[in-house]
Amino acid sequence: MKFLQHSYLSALVAAGIIFAPIAIAPVSQAQQVVNISPTNNQAVSQDSSISGVFDTSTGTVNASTVQLFVNNQNVTNRSTITPTFFSYKSPQPLPAGQNTVRVEYISTGGQKQAVSWTFQVQQPQAALAIESVTHNATNAALGSGSTFLATITGTPNAQATVIVLDGNTMRRLPTQEISRGVYVATLNLSNSDRITEGVVLGRLERQGNVVYGAAEQPVAFQPGATQVTPVTENGTPQTPTPTQPTNFANLQPKFNYSDGGIINSQGFTLNGTTEPNAQIRVTVIAVDPTPFIGGRNQLVNRTVQADANGAFGIAVPRPLILNSGIRYEVEAIATKDGQSATTSLTLQQQ
């Protein structure tokens, strides 16, 4: 009988679930915890629930004696506990890495028992996505000597590729992440580059996941394409206005709020200026410091285009739970002609 008891305990230890009776009792009288979730050493996401079942084959558990600890914090008063079952859902994301669960209770024989196990929480991974694919050949065909420019905006820190294809050819262009989540590819066109009506695709890859996106406008490369000179009403040639190079100082987004500004409304609008016709990727994250119900919530993640005067605007919705003291973290990345500039500021809810 002693040999069988020793073997039973060894099996429990090998399974990763440790029963630590405060007062030693025969194993046949000790209440068991089964069907635990997450299981021992299981890798789970940060929003996973914790639960287990009391094996009542030898009697019931007094629910009022059950104490549940997660990472050595007593969460009993925020748990669901019955004589046969317990569960807990953390109001905050579980910390990445190893997490520990310990359950203490009184067994049928009146003995205090402790059961513990560990599981792993995976690091959160941002979803891989492409927000937009744009290029500079939207109005007319590009001729030899021109530079084709394509931009992908999407998830940062990915491997990006721009693909130009039509029914006969496919060309992959090397792409650089010039700022967070903004990828640019360029191609100097020669007489051999010819596409009548092509498609521009963006491709992002990270950790084995791949997504594609397509530009809304087709693309055309024609070696003999030339710029048409406009004429005045009397038919004389009109001198075209020279294209001004991108001014990096003007490219830096400027807002109608200064860093540390106060928001006293339910939702607000960000109005800004940058270089004319630049693209601006805007993200706004609300950070609520309220215990238990607070956290980080992304309110905006969009790309907009400035008008001919460089003006742009974007509406920021109110958080689902609006509390005084919420912090809004704003980031705007403007891109044009292969250049980029970033502005960050923090606003405070009154």
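Tutor: The chain has 350 residues, and 40% of them count as buried. Keep in mind that this is a predicted model. Its secondary structure comes to two helices and 27 strands.

Student: What share of the contacts with a separation of 6 or more comes from residues 24 or more positions apart?
Tutor: Such residues account for 64% of those contacts.

Student: Why is glycine 52 called buried?
Tutor: Its relative accessibility is 0%. The label needs a value under 20%. Glycine 52 therefore counts as buried.

Student: Where does glycine 52 sit, and what does it touch?
Tutor: Glycine 52 belongs to strand E4, residues 50-55. Leaving out residues up to four places away in sequence, glycine 52 touches Val34, Asn35, Ile36, Thr84, Phe85 and Phe86. Take threonine 84: 32 residues along the chain separate it from glycine 52, and the C-alpha atoms are 8.7 Å apart.

Student: How do you know that E4 pairs with strand E2?
Tutor: Count the bridges. Strand E2 (residues 32-37) and E4 share four, and they run antiparallel. Pairing requires at least two bridges. The two strands therefore qualify as a pair. Valine 34 faces valine 53 of E4 across this pairing.

Student: What makes strand E8 a partner of E4 as well?
Tutor: The bridges again: four join E4 to strand E8 (residues 85-88), in antiparallel fashion. Valine 53 has phenylalanine 85 as its bridge partner in E8.

Student: Why is threonine 274 called buried?
Tutor: Its relative accessibility is 7%, and the cut-off is under 20%. Threonine 274 therefore counts as buried. Threonine 274 lies in the loop between strand E22 (268-273) and E23.

Student: What does threonine 274 touch, beyond residues up to four places away in sequence?
Tutor: Its contacts include Asn250, Leu251, Pro253, Ile280, Phe312 and Ala334.

Student: Which residues of E23 point which way?
Tutor: Gln279, Arg281, Thr283, Ile285 and Val287 point one way. Ile280, Val282, Val284, Ala286 and Asp288 point the other way. All are buried.

Student: Why do the side chains alternate like that in a regular strand?
Tutor: In a regular strand, side chains take the two faces of the sheet in turn.

Student: How do you know that E23 has partners on both E24 and strand E26?
Tutor: Ten bridges join E23 to E24. Nine join E23 to strand E26 (residues 327-336). At least two are needed for a pair. Both pairings are antiparallel.

Student: Which residues face each other there?
Tutor: Isoleucine 280 stands opposite valine 304 in E24. In E26, alanine 334 is the bridge partner of isoleucine 280, and threonine 335 that of glutamine 279.

Student: What makes E24 an edge strand?
Tutor: Start with the sheet. Its five strands run in the order E21-E27-E26-E23-E24, with mixed pairing, and the sheet is open. Strand E21 (262-263) and E24 each have a single partner strand, so one side of each lacks a neighbour in the sheet.

Student: What lines the second largest pocket?
Tutor: Its lining has 18 residues, with Pro156, Arg180, Arg281, Gln298 and Asn301 nearest the centre. Strand E23 (279-288) and strand E24 (295-305) are the elements that give two or more residues. E24 gives the most, with four. The pocket holds about 440 Å³ of space.

Student: How does that lining divide by class?
Tutor: Five residues are nonpolar, seven polar and six charged. Arg281, one of those nearest the centre, falls in the charged class, because Arg counts as charged.

Conventions: Residues numbered from 1 in each chain as written. Predicted model: local features only at pLDDT ≥ 70, side-chain atom pairs only at ≥ 80, totals over all residues. Heavy atoms only, no water. 1 Å grid on protein atoms, 1.4 Å probe; cavity = no way out; pocket = protein on both sides within 12 Å on 5 of 7 lines; lining within 4 Å. Points joined across faces, edges and corners; volume = space filled by probe spheres on them. Buried < 20%, exposed > 50% of the residue type's maximum accessible area, 1.4 Å probe, protein only. Contact = heavy atoms within 4.5 Å.
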